[in-house]
Amino acid sequence: MKILEVSSAVMQFGGLRAIDGVSFSIESGEIFGLIGPNGAGKTTMFNIITANYKPTSGSVKLLEEEITRYKPNKIVTKGIARTFQNIRLFESMSVLENVLIGFHASMRYSFIEAAFRFGRFFSEEKKAREKAMEILRYIGIEEFASMKATNLSYGNQRKVEIARALATSPKLLLLDEPAAGMNPKETEELAELIFRMKEDFGLSVLLIEHDMPFVNRLCDRVLVLDYGKMLFSGTPHEAINDEHVIAAYLGDIANVED
């Protein structure tokens, strides 16, 4: 079953086509990689899927339901969660408080009950705290629950962001360069965590990543973008041996060196 289907997506910013007629689908339970050189349109595609951008044309479906014109908060309640290339944690909040943010969309109390702290407010908050601690235990960072989230190591901050995403009970998890800035040990632990989450939570995963060994280990299939267009679709092994993919990445390296 297809959990996500993107059809002929176009994202135009003035005279620039950041995404140009991109189509792909992700099967339920699949780990799918979105790769390509810098400026290829990968994060723009994430923003289209999560409704932060409304595509100029084309459509996005989640489990066959059209979600293209939904608002970002509704996308979350429908079952799509994401992390960001640049970690976004609430600096003044503890690890636990950051994860609790993920439960707010599913809280079953009214604005009045929250404002005046009566009725279902306390019981719902207690349940959320218990569930948040369960997620932190699962990910292996329970000991940091009361610490300020931004005082953690880079790798553990990534885990806090993933924990907050899990708190929304996603069907599809979008990870934007999750291994960026991690050392080899942290990268290995992250790969194991993603595999475990996929199995234990029944997740499908879409990830952007530049670390090709990481992609090769994790992904069932990849889509390569270049200047907003589809360059290649297939397995990671096929991608790294494709002459067009090699040329695109070599060109990117040359531009960086210049």
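Before we click on anything, here is one cut-off to keep in mind: a residue is called buried when its relative accessible area is under 20%, and exposed when that value is over 50%. Also remember that you're looking at a predicted model.

**Stop 1: Thr-50.** Select Thr-50, which sits in the loop between α1 (42-49) and β4 (57-62). Is Thr-50 buried or exposed? Its relative accessibility is 6%, so Thr-50 counts as buried.

Now show the side chain of Thr-50 and look for its polar partners. One of its polar atoms lies 2.9 Å from the backbone oxygen of Phe-46.

Which residues does Thr-50 touch once you skip its neighbours within four places in sequence? Select Pro-72, Ile-75, Ile-80, Arg-82 and Leu-174, and you'll have them on screen.

**Stop 2: two helices.** Hop over to α6 (residues 154-166) and α7 (residues 184-201). Their axes are 11 Å apart, and the helices pack at an angle of about 10°. Angles under 35 degrees count as roughly parallel, and α6 and α7 are therefore roughly parallel to each other. Their crossing is right-handed.

To see where they meet, colour Gly-155, Lys-159, Ile-162 and Leu-166 in α6. Then give another colour to their counterparts in α7: Glu-186, Glu-189, Leu-190, Leu-193, Met-197 and Phe-201. What kinds of residues make up this contact of α6 with α7? Six are nonpolar, one is polar and three are charged.

Methods: Residues numbered from 1 in each chain as written. Predicted model: local features only at pLDDT ≥ 70, side-chain atom pairs only at ≥ 80, totals over all residues. Heavy atoms only, no water. Helix = DSSP H or I, 4+ residues; strand = E, 2+ residues; numbered from the N terminus. Buried < 20%, exposed > 50% of the residue type's maximum accessible area, 1.4 Å probe, protein only. Polar contact = N/O pair within 3.5 Å; in protein donor to acceptor, adjacent residues only side chain to side chain. Contact = heavy atoms within 4.5 Å. Axes fitted to C-alpha atoms, helices over the stretch in contact; angles between N-to-C directions. Parallel < 35°, antiparallel > 145°, perpendicular 65-115°, else oblique. Left-handed = near helix turned anticlockwise from the far one by under 90°. Nonpolar A, V, L, I, M, F, W, Y, C, P; charged D, E, K, R; others polar.
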